[in-house]
Amino acid sequence: MTGDQEVENNSGPVLRVQDLVVAVGSTPAVKGISFDIPSGRRVGLIGESGSGKTLTALSIMGLLPDGLSATGSAIHAGKNLLTLNENELCEIRGDYLTMVFQEPMTALNPVMRIGDQVAEVIRIHRDASRAEAKDRALALLKQVHLPNAASRMRAYPHQLSGGQRQRVVIALALAGDPALIIADEPTTALDVTVQAQILVLLRDLARQRNSSLLLITHDLAVVASICQDVLVMYGGRIIESGPTRDVFDHPRHPYTAGLIAAVPEIEAGQERRPRLATIPGSVPGLGQFPSGCVFRNRCQYATEICGEEPQTVANQDRTRTVSCFHPLHDSAEGTIIEVGS
Amino acid sequence: MFWVLAVLPGDPASRILGTQATPENVARLRQDLGIDRSIPVQYLDWVGGTLTGDLGTSYVTQEEIAPLITDRLKVTVPLAFFGMFLATAVAIPAGVFAASRHREAGDTAVSVLSQVGISIPAFWAGLLLTTYVAVKWGILPANGFPGWGESIPNSIKHLILPSVSLALVQGAILTRYVRSAVLQVMREDYIRTARAKGLTRQRALWRHGLRNAAIPVITILGLQLAALLAGTVVIENVFVLPGLGRMLVQAIERRDLLLVQSTTLIITTAILGVNLLVDLIYNLVDPRLRTR
């Protein structure tokens with residue numbers, strides 16, 4: 001992958017999440033996850049619905065819905081985002097830490113003009129006059145390739161297509177000086193033909209600005225084409241992580257292997273395809289995951305020991321971790337770096 | 001409306017002349033009033049008159065109806081608008097405040113107060129206000145209406161207590177609608193987007209929430225205003241105001257059918273007017289309704 005050799009400064013990760021727990025009432029939905037997002041890297045967070053991906057993103061942004069609480073830490077620029085108050089968060093949010101949402105149809109204010117919505121971010125974070133903010137907003141809308149950007153400044157969201165609206169949402173996320181852009185399933189609600197355009201746009205813009213990207217998706221192909229690193233989430237835990245190509249070629253967690261096997265491959269010259277592989281069972285509801293390894297009730301390798309809490313094991317150069325008692329492609333170089341809570 | 005009144009039992013002529021009237025006298029009066037004619041003929045006559053601005057004369061008092069109604073409107077319309085103005089002025093800040101303090105003490109306080117406001121019948125609120133503000137403390141006049149021609153400040157004074165009584169109930173109901181509209185809007189995705197842009201919860205509410213919350217609230221405002229234009233009867237009776245509602249009740253009692261008919265027509269027109277106004281305001285607030 002060509003992107004792997006992009007600027008690697010040693011300023012440390014742009015975001016370091018440790019022991020993040022998100023609880024819905026008293027039931028934990030995210031059960032103590034830890035990961036780093038290195039500066040300038042694009043990291044994919046994959047998993048099925050209900051695995052806790054969105055809650056992870058919202059807790060980093062400080063945008064959890066009422067009734068949900070996050071503990072642990074999410075360190076950005078020396079500050080724990082989870083303990084900042086609303087005013088402190090608002091200085092960071094929208095400027096250094098931005099988010100692209102899943103639903104472009106509802107993410108924009110229906111009664112406010114597009115141009116004003118983009119200009120607003122600039123006015124919040126920069127000391128810009130109304131006219132300067134407008135100019136900057138127009139430049140941003142051009143950068144995200146919104147067709148007829150100048151005249152669309154005065155349009156309302158309902159006058160735009162889904163893909164165009166998502167471009168506007170991306171413009172919002174780029175209006176500041178984002179160190180990290182979190183994109184939560186940014187293309188799920190869009191037509192297939194538009195999806196690729198939006199993803200490439202997001203990747204290119206993040207690359208140009210040397211912003212890190214945390215891309216949340218359930219689509220492995222998206223991660224494979226956009227992200228350098230991948231985090232695999234299941235049942236509120238990160239069960240495997242590492243460089244995308246490495247993880248996809250040699251998955252070590254049975255769940256990751258199952259996910260990859262479930263992707264239908266379309267290859268030319270093949271008359272008949274084998275049946276689609278599936279992971280048996282379905283994702284349990286909140287609070288209904290088994291104790292110990294969260295995947296053990298669906299795992300073909302599960303044994304008695306899986307009833308205990310699996311440890312997170314890293315390889316020698318610490319690029320890959322897996323949390324499993326029976327990892328696939330087992331090698332002797334696994335060293336224990338951390339015990340899952 | 002015309003047909004309902006026409007088939008209603010109770011003959012205006014015998015009502016006017018009383019029980020001692022001879023059948024000949026009744027017949028003559030019926031002829032004078034024009035109610036001996038067939039119903040379709042009466043209807044066409046009435047429609048023709050109405051379209052030219054002539055609402056006819058009252059069966060009972062022989063007065064011209066059009067100026068009679070105009071005079072009454074001069075009391076009812078200011079009363080309804082003033083009442084709604086007070087209700088809105090209290091309800092919008094109270095509702096927004098409650099919503100922004102959702103599940104906190106302030107929210108509970110507003111909810112309890114609005115529940116009390118809804119539970120109090122308007123006439124009782126009127127009586128209480130009269131007793132204390134007017135009779136015991138003597139700050140404002142208790143009832144009656146001098147007429148705009150007499151003295152404008154004095155007329156306004158006479159409308160304050162009735163307006164407050166109306167505003168109390170309407171404001172309490174409106175507060176609840178405002179609160180739930182704002183709560184609804186605060187859960188929308190675009191509020192989350194606004195906060196992700198770096199707006200605090202409060203500023204997101206002000207800049208993005210209120211205009212969206214206004215859409216359902218305007219509907220309720222329109223309904224309430226229409227209801228007040230049609231139904232300030234009780235309050236007009238409590239405060240002895242010469243309003244449209246009071247006249248309507250009296251006209252019904254006296255079988256003054258033509259007056260009932262015309263008053264109803266005016267009220268209906270007013271309600272349609274309010275609805276039209278609401279639609280126009282929708283268009284201003286919500287760009288999605290504007291056709292391109």
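Okay, helix H4 of chain A, residues 114–125: 11 of its 12 residues are buried, so mostly covered. Buried here means 20 or more other C-beta atoms within 10 Å of the residue's own, exposed means 12 or fewer, partly exposed is in between, and the C-beta atoms are placed from the backbone. And helices are DSSP runs of H or I with at least four residues, strands are E runs of at least two, both numbered from the N terminus.

Before I go on, this is a predicted model, so local features need pLDDT of at least 70 and side-chain atom pairs count only at pLDDT 80 or more, while totals for chains, interfaces and linings use all residues. Residues are numbered from 1 along each chain as its sequence is written, and chains are lettered from A and ligands numbered from 1 in the order in which they are written.

Back to H4(A). Its buried residues include Val118(A), Glu120(A), Arg123(A) and His125(A). What do the buried residues of H4(A) pack against? Three helices of chain A: H5 (130–143), H6 (149–152) and H7 (162–174).

Now pick one residue out of H5 of chain A, Leu140(A). Leu140(A) has 25 C-beta neighbours inside 10 Å, which is why it counts as buried. Leave aside its neighbours within four places in sequence, and Leu140(A) is in contact with Val118(A), Ala171(A), Leu174(A) and Ala175(A); contact means that the two C-beta atoms, placed from the backbone, lie within 7 Å. Val118(A), remember, is one of the buried residues of H4(A).

For context, most residues other than glycine have a negative phi. Is Asn148(A) buried or exposed? Exposed, because it has 10 C-beta neighbours inside 10 Å.

There's another one like that: Ala77(A), not a glycine, with a positive phi of about 50°. You'll find Ala77(A) in the loop between strand E4 (68–76) and strand E5 (79–80) of chain A. Ala77(A) has 13 C-beta neighbours inside 10 Å, so it counts as partly exposed.

After H1(A) comes Gly62(A), with a positive phi near 70°.

Zooming out on chain A: the secondary structure comes to 11 helices and 13 strands. The C-alpha trace spans about 65 × 55 × 40 Å along its principal axes. The radius of gyration is 21 Å, and that agrees with a compact globule of 341 residues, which would be near 20 Å; that's taken over C-alpha atoms, and the globule rule is 2.2 Å times the number of residues to the power 0.38. Of those 341 residues, 45% count as buried. And of the contacts in chain A with a separation of 6 or more, 64% are between residues 24 or more positions apart.

On to chain B, and how it meets chain A. How many residues of chain B are in contact with chain A? It's 19 residues of chain B, against 26 of chain A. Helix H9 (189–196) and helix H10 (201–230) of chain B each supply at least two residues of that side, and H9(B) gives the most, with 6 residues. By class, the side of chain B that touches chain A has 5 nonpolar, 5 polar and 9 charged residues. The classes: Ala, Val, Leu, Ile, Met, Phe, Trp, Tyr, Cys and Pro are nonpolar, Asp, Glu, Lys and Arg are charged, and the others, Gly among them, are polar.

Within chain B, there's domain 1 (2–51) and domain 2 (68–289), with bounds from an automatic or database domain assignment. Their C-alpha centres lie 38 Å apart. The contact between the two takes 7 residues from domain 1 of chain B and 7 residues from domain 2 of chain B. On the domain 1 side, helix H1 (2–7), helix H2 (12–17) and helix H4 (39–51) of chain B are the elements giving two or more residues.
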